[in-house]
Amino acid sequence: MASNKAARDGERIWKTNIDKVNAELVTLTYGTIVAQLCSDFNNKYSEVNKQLDKMGYNIGMRLIEDFFAKSGLQRCINFRETAETISKIGFKMFLNITPTVTNWSADNKTFSLIFDENPLADFVELPNDGRAQDELWFSNILCGILRGALEMVQMQVEAHYISDVLRGNDTTEMRITLLRYMEDEMPPDDE
């Protein structure tokens, strides 16, 4: 799928097939979830990151069905097409953003998503405890969502942030690596 066609499809689907939710409501609700996790795990940010990833994984396993139902798309033919579809259609459908796909590895198994905007991080200030800026990946739920959704279409991936403007970096960048194509098998019980 050409990048321009994916962008047009994402815009068309956003305008015609998606029920809209107030962005501020989503942002504030998500922020409350992260704050509660920080409290529940006594600001052990590595554990908060794991919980956000796990929550996202479970969401992604279910969200992929909604994606296919509303987009009308078929499975992608390769990982490059998958990256463009994630960026220009998936993120557009669910968050009304279009991160940039870049930094492909030589073997075409790893790429980056650069986020110019992140509605989950609007109105957010990380805790000023001297650790959150180095340890908390505030939007880590998105990594889990991608992992869960892609596993449902037989792609095992690793997704993680390497930079975040909330941590003082210039950009927010997520790295996605294809680990393997899976046979038709049941996903692991990750609840």
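## Contacts of Leu120

Contact here means heavy atoms within 4.5 Å. The structure is a predicted model, and in this model Leu120 is in contact with Val26, Thr27, Tyr30, Phe138, Ser139, Ile141 and Leu142, leaving aside its neighbours within four places in sequence. Leu120 is placed in the loop between β2 and α5 (132-135). Its relative accessibility is 6%; the cut-off for buried is under 20%, so Leu120 counts as buried.

Leu120 and Val26 are 94 residues apart along the chain, while their C-alpha atoms are separated by 7.4 Å. Two other partners of Leu120, Ile141 and Leu142, are among the buried residues of α6.

## The sheet

An open sheet is formed by 4 strands in the order β1-β2-β4-β3, with antiparallel pairing. Its edge strands, β1 (100-102) and β3, each pair on one side only. On average, and with direction ignored, neighbouring strands of this sheet are turned by 25° against each other. In general, strands of a sheet pair through backbone hydrogen bonds, in either a parallel or an antiparallel way.

Strand β4 (residues 172-181) has 7 of its 10 residues buried and is therefore largely enclosed by the rest of the structure. On one pairing, β4 joins strand β2 (residues 110-115) in the antiparallel sense over 6 bridges; here Ile114 has Glu173 of β4 as its bridge partner. The pairing of β4 with strand β3 (residues 155-163) is also antiparallel and runs over 8 bridges. Within β4, Tyr181 is the bridge partner of Met155, and Met174 is the bridge partner of Tyr161.

## Helices on the sheet

Helix α4 lies across β1, β2, β3 and β4, and runs at about 15° to β2. Helix α6 packs on the sheet as well, where it touches β2, β3 and β4; the direction of α6 makes about 165° with that of β3.

Helix α6 is mostly covered, with 11 of its 11 residues buried. Among them are the charged residues Arg147 and Glu151, together with Ile141, Cys143, Gly144, Ile145, Gly148 and Ala149.

## Packing of α4 with α6

Two packed helices are described by the angle between their axes and the distance between the axes. For α4 and helix α6 (residues 141-151), the axes come within 13 Å and cross at roughly 120°. That angle makes α4 oblique to α6. The crossing of the two helices is right-handed.

On the α4 side the contact is made by Thr82, Ile86, Phe91 and Leu95, and on the α6 side by Leu142, Leu146 and Leu150. By class, this contact has 6 nonpolar, 1 polar and no charged residues. An α-helix has 3.6 residues a turn, so residues three or four places apart point the same way.

## Packing of α3 with α4

The axes of helix α3 (residues 45-71) and helix α4 (residues 79-95) come within 11 Å, and they cross at roughly 95°. Helices α3 and α4 are therefore roughly perpendicular to each other.

From α3, the residues Leu63, Asp66, Phe67, Lys70 and Ser71 meet Thr85, Ile89, Gly90, Met93 and Phe94 of α4. The class count for this contact is 5 nonpolar, 3 polar and 2 charged residues.

Asn49 has its place in helix α3 and is buried, its relative accessible area being 10%. Not counting residues up to four places away in sequence, Asn49 touches Glu135, Leu136, Trp137 and Asn140. The C-alpha atoms of Asn49 and Phe138 are separated by 7.6 Å, although these residues are 89 apart along the chain.

Arg167 sits in the loop between β3 and β4. With 14% relative accessibility, Arg167 counts as buried. Its contacts, leaving aside neighbours within four places in sequence, are Leu126, Ala132, Gln133, Asp134, Glu135, Leu136 and Trp137. From C-alpha to C-alpha, Arg167 and Trp137 are 8.4 Å apart in space, and they are 30 residues apart in sequence. Glu135, Leu136 and Trp137 are touched by Asn49 and are also in contact with Arg167.

Terms used:
Residues numbered from 1 in each chain as written. Predicted model: local features only at pLDDT ≥ 70, side-chain atom pairs only at ≥ 80, totals over all residues. Heavy atoms only, no water. Axes fitted to C-alpha atoms, helices over the stretch in contact; angles between N-to-C directions. Parallel < 35°, antiparallel > 145°, perpendicular 65-115°, else oblique. Buried < 20%, exposed > 50% of the residue type's maximum accessible area, 1.4 Å probe, protein only. Pairing = 2+ DSSP bridges. Left-handed = near helix turned anticlockwise from the far one by under 90°.
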